[in-house]
Amino acid sequence: MADRYCVIGNPVAHSKSPEIHAAFARDCGIDLTYGTCLAPLDGFAATVRALAAQGFSGANVTVPFKLEAAQLCDVLSARATAAGAVNTLVFRDGRIEGDNTDGAGLVADIVRNAGVPLHGKRVLLLGAGGAARGVMLPLLAEGPRELVIANRTRATAEALAARFADAGAVRASGFEELDGTFDVIVNATSASLADSVPPVPPQAFSPDTLALDMMYGKQPTVFMEFAAQNGARVRDGLGMLVEQAAEAFYVWRGVRPATQGILRQLRTQ
Ligand code: ATR
């Protein structure tokens, strides 16, 4: 029987992960199945244990279970520990292993797909919630000149910067104190869901700025529109989605799938 994987979430029906992993498996000549698994809001742990008992090889975890997944695992990777969240499970030797590929996906999309190296650059991270924390370690591992975290609630940004102080040049800032332009600005807030833009000063953007919103949709987000109006190059979160999936595929199979074909396919949908 083919190895079995799935994405666990609630809701999960509209996940693009089955299509992405099917493309990876086809391109790599690997026989596997990948479906969706709707877990009850109060039944995530039982769902995971049932999948492991049924002989599944692994699973992805999405909203709202990434934090709970980190609590459930028997062992966590360094990047999952740093993120405090898990998006990739491996069922191996009777144990549940947890990893987090979101940050690696973001970095791959910025560095490889957008062609913007992060080493020595000024990077601004908007937001200090779960999405921001999930990408801190891989961002800092690239060696930016500085990573500035700006958040509506300043204390949360301070706490996030303090937590990662040993991993690189990171500091918190209020929006109003942001000075100069940034090479890369990543929107890790959930403001786009409410059609709202974090109050970044327009001077933070320049024609050399890459502005990336982790969100994606049929239309550019309001943050992307604001960044473009201020001259920046813009990107949505679709590339990050495909790249985090590719990293999960690598964790499971030890093979790095090509991502450009499926990314093009999703963009034309
Ligand atoms: P997620 O897991 O998506 O990061 P979260 O942990 O609830 O969700 O964090 C949401 C982030 O978006 C926070 O940084 C939040 O700012 P606060 O800490 O001040 O709440 C930020 N956010 C949400 N709506 C926002 C808005 N309209 N403008 C600016 N920031 C917003």
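How many disulfides does a search of the whole structure find? The search finds 0, where a disulfide is a pair of cysteine sulfur atoms within 2.5 Å. Cysteine 37 is in no disulfide, and the nearest cysteine sulfur, that of cysteine 6, is 4.8 Å away. Cysteine 73 is likewise in no disulfide, with the nearest cysteine sulfur, again that of cysteine 6, at 14 Å. Cysteine 37 counts as buried because its relative accessibility is 15%, and cysteine 73 is buried with a relative accessible area of 11%; buried means under 20% relative accessible area, exposed over 50%, and partly exposed in between (1.4 Å probe, protein chains only).

The model is predicted, so that local features need pLDDT of at least 70 and side-chain atom pairs count only at pLDDT 80 or more, whereas totals for chains, interfaces and linings use all residues. Residues are numbered from 1 along each chain as its sequence is written, and side-chain values use heavy atoms, with hydrogens and water left out.

The residues that surround the ligand include Gly127, Arg152, Thr189 and Ser196, and the shell divides into 3 nonpolar, 8 polar and 1 charged.

| Residue | Protein atom | Distance |
|---|---|---|
| Alanine 131 | backbone N or O | 2.9 Å |
| Asparagine 151 | side-chain N or O | 2.7 Å |
| Threonine 153 | polar side-chain atom | 2.5 Å |

Taken alone the ligand exposes 640 Å², of which the protein buries 67% (accessible areas come from the Shrake-Rupley method with a 1.4 Å probe).

Technical notes:
A residue is near a molecule or strand if one of its heavy atoms lies within 4 Å of it. A polar contact is a pair of N or O atoms within 3.5 Å; within protein, one must be able to donate a hydrogen and the other to accept it, and residues adjacent in sequence count only if both atoms are side-chain atoms. Ala, Val, Leu, Ile, Met, Phe, Trp, Tyr, Cys and Pro count as nonpolar, Asp, Glu, Lys and Arg as charged, and the others, Gly among them, as polar.
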